[in-house]
Amino acid sequence: MKSITQDELKTLVGQAALQYVVPGEIVGVGTGSTVNKFIDALATIRHRIKGAVSSSNASTARLQALGIPVFDANEVGELAVYIDGADEIDGRGYMIKGGGAALTREKIVAAQSRRFVCIADESKLVQMLGGFALPVEVIPMATQRLIRQFAALGGVARVRLKDGAPMVTDNGQHLLDVTALRISEPLAFEDQVNQWPGVVTVGVFAHQKAQVCLLGTAGGVKLIEY
Ligand code: 5RP
């Protein structure tokens with residue numbers, strides 16, 4: 001029997017997420033290859049929703065190309081649901097996000113939403129966060145000091161590069177990717193790093209954790225509620 005590919009798992013969870021979209025409302029939309037599958041599925045019911053609040057320029061472009069109106073976060077109130085992927089998710093719904101560089105806007109839209117529905121293939125499920133290099137969006141003038149602060153925690157922080165130069169986010173800032181961390185207390189870790197001057201957003205989503213995960217597995221989509 002032909003085994004199911006990671007891309008097919010992403011399609012499955014992207015489609016499964018449609019059941020959480022509230023008719024007539026505005027939906028919060030994340031960023032990444034899994035979310036792209038969700039956006040494609042959302043386009044099939046676009047006449048049943050008012051539109052979306054997007055977490056990145058890339059998602060905005062895809063939503064608009066498919067005829068889904070995109071609202072500014074400041075134009076709308078609380079959203080019923082935010083649907084996004086993750087780089088890692090643990091057994092409590094805590095996540096690492098930002099592999100696609102959109103962590104700041106993702107956290108903003110997640111904070112504006114009553115429910116975070118994470119869509120992920122089973123490779124993202126972990127016992128403890130920290131295997132995936134932790135993305136941190138930073139103000140460029142703080143970069144070297146922040147690299148030293150992560151080193152004091154045992155982490156190895158590197159500036160994310162694009163075409164040989166520091167990658168610039170949608171917000172005009174830079175990114176660090178931090179390896180060699182074991183994040184056993186995600187809430188405390190997020191609080192700690194958030195206090196360091198120059199940190200825009202740390203890619204630990206503990207305060208904005210998932211309430212639901214739709215996990216793509218070889219046996220189908222598994223529903224996990226936290
Ligand atoms: C983007 C993100 C993504 O949700 C995360 O990187 C997962 O992406 P993908 O679905 O492509 O694996 O946080 O900033």
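**Around the ligand**

Tutor: Let's start with the ligand: 17 residues surround it, and the closest are S33, T34, D87, G98 and K124. A residue counts as near if one of its heavy atoms lies within 4 Å of the molecule. This is a predicted model, where local features need pLDDT of at least 70, side-chain atom pairs count only at pLDDT 80 or more, and totals for chains, interfaces and linings use all residues. Residues are numbered from 1 along each chain as its sequence is written, and side-chain values use heavy atoms, with hydrogens and water left out.

Student: What kinds of residues make up the shell around the ligand?

Tutor: The shell has 3 nonpolar, 8 polar and 6 charged residues. Here Ala, Val, Leu, Ile, Met, Phe, Trp, Tyr, Cys and Pro are nonpolar, Asp, Glu, Lys and Arg are charged, and the others, Gly among them, are polar.

Student: Which polar side-chain atom lies 2.5 Å from an oxygen atom of the ligand?

Tutor: One belonging to S33. A polar contact is a pair of N or O atoms within 3.5 Å. D84 also has a polar side-chain atom 3.4 Å from a ligand oxygen, while G85 uses a polar backbone atom, at 3.4 Å from an oxygen of the ligand.

**Cysteines**

Student: How many disulfides are there?

Tutor: A disulfide is a covalent bond between the sulfur atoms of two cysteines. The cut-off is a pair of cysteine sulfur atoms within 2.5 Å, and the count here is 0.

Terms used: Polar contact = N/O pair within 3.5 Å; in protein donor to acceptor, adjacent residues only side chain to side chain.
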